[in-house]
Amino acid sequence: MTPQNQFQPHLHTHTRVPRLGERSPEITGAEIVAELVPPPQFEHASFESYRPDHDYPSQMGAVERLHTFSGAANGQRPGGFFSRSRKVKAELPGIYLDGGFGVGKTHLLAALWHEAKGPKYFGTFIEYTALVGALGYQETITQLRSAKLICIDEFELDDPGDTMVMTRLLGELVATGTRVAATSNTPPNSLGEGRFAAQDFLREIQAMSSNFETVRIDGLDYRRRNASGQATAVDTDDLEHMVTTLQQRGARFTEDNFGALMRHLGTVHPSKYVKIIRELDIIALTDVYLLTDQTDALRLVAFIDRVYDAEIPIIASGLPLNEVFDAEMMAGGYRKKYQRSQSRMVALTTGELPPHAE
């Protein structure tokens, strides 16, 4: 007699489907620190590959200023192609790139990192605070103390507690010779609001503010157009067909129910998210729904950041991913985090990952 399920249409009713929810990796402090490098899209970022808009001279000015800063970090006297025939002021240990969304701040920050010699680290504000959460404050100091340069992308200005911890951390590192370069997050969907955040940044870091020189970068906010798009959501049957095809092709993928994934993320420290998604070609999520718990929403933001940095596309059914944050969240203090995450969700589900993020 023919087995009842012999002619089931979906291959993965017979074949075990890998799930993110089954991944609970261990990660050491040394491994977390080793991940503090520019994401893949900035692996080859350089000052030469940056394409300044000549309608905005501050962009080329920022390149020149960062080149000088990198020379000082490497123990060199200013000179060469980017030098100017003027007296160079004493170098401050910190530099802050102050510009709108999409003017190339992250590219320039990564270029600075690549140019620097000696021990150096590059990460988002969230990655550094996750490091403190995983290792503890004192062990984080121990791990980072030898750094000649620390780059902090998207310095968050909306969490006083985390900002205080980071300010204290940077103060101790600068006191032992570390130089610091930073950018801050800006909202992708507002006309002018929060476009330049230097005053906010310097006010929030208070005790460290005198150590930072501000370099303003003007320019067109080209990603504002992209951020207004819509994340792609597929029908359940279409998603199952895609998963079947992925299995047949031997792709490295996972398929998770969205709710189950959110519960799993709550059991894993955010510093481990990078290991959860390692060596994947694509992530499938089923039954995406509206989030009403802010803790879950912030975990999802941290997860999406790691997926975006790894350039792993997402296919999802249910609610479009960029609509998962409820109205109260989008009007609250973490609004900028959610807006940035929304634009990344659009890129991840539409296959429009940019060659460089900002």
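Biologist: What does the accessible surface of the protein come to?
Modeller: The accessible surface is about 16400 Å², and 51% of that belongs to carbon and sulfur atoms. Such areas come from the Shrake-Rupley method with a 1.4 Å probe, and for residues only the protein chains shown count as cover. This is a predicted model, in which local features need pLDDT of at least 70, side-chain atom pairs count only at pLDDT 80 or more, and totals for chains, interfaces and linings use all residues. Residues are numbered from 1 along each chain as its sequence is written, and side-chain values use heavy atoms, with hydrogens and water left out.

Biologist: How many helices and strands are there?
Modeller: The protein has 14 helices and 8 strands. These are DSSP runs numbered from the N terminus, with helices (H or I) of at least four residues and strands (E) of at least two.

Biologist: And what percentage of the residues is buried?
Modeller: Of the 358 residues, 53% are buried, meaning under 20% relative accessible area with a 1.4 Å probe, protein chains only.

Biologist: Turning to pockets, what is the volume of the largest pocket?
Modeller: Its volume is about 540 Å³. A pocket is an open set of points on a 1 Å grid over the protein atoms alone, where a 1.4 Å probe fits, with protein on both sides within 12 Å along at least five of seven lines; lining residues have an atom within 4 Å of a point. Grid points are joined across faces, edges and corners, and the volume is the space filled by probe spheres set on the points.

Biologist: Which residues lie nearest its centre?
Modeller: Among 36 lining residues, those are Glu35, Glu127, Val274, Arg306 and Asp309. Helix H12 (294-310) gives the most to this lining, with 5 residues.

Biologist: How does that lining divide by class?
Modeller: It has 20 nonpolar, 5 polar and 11 charged residues. Ala, Val, Leu, Ile, Met, Phe, Trp, Tyr, Cys and Pro count as nonpolar, Asp, Glu, Lys and Arg as charged, and the others, Gly among them, as polar.

Biologist: What about the volume of the second largest pocket?
Modeller: That pocket has a volume of about 390 Å³. Of its 17 lining residues, Ile126, Thr129, Asp162, Leu298 and Lys337 are the closest to its centre. The largest share of the lining, 5 residues, comes from H4.

Biologist: Changing topic, which residues of H9 are buried?
Modeller: They are Leu239, Glu240, Val243, Thr244, Thr245, Leu246 and Gln247. Their cover includes strands S6 (253-257), S7 (282-288) and S8 (314-318).

Key: Buried < 20%, exposed > 50% of the residue type's maximum accessible area, 1.4 Å probe, protein only. Contact = heavy atoms within 4.5 Å.
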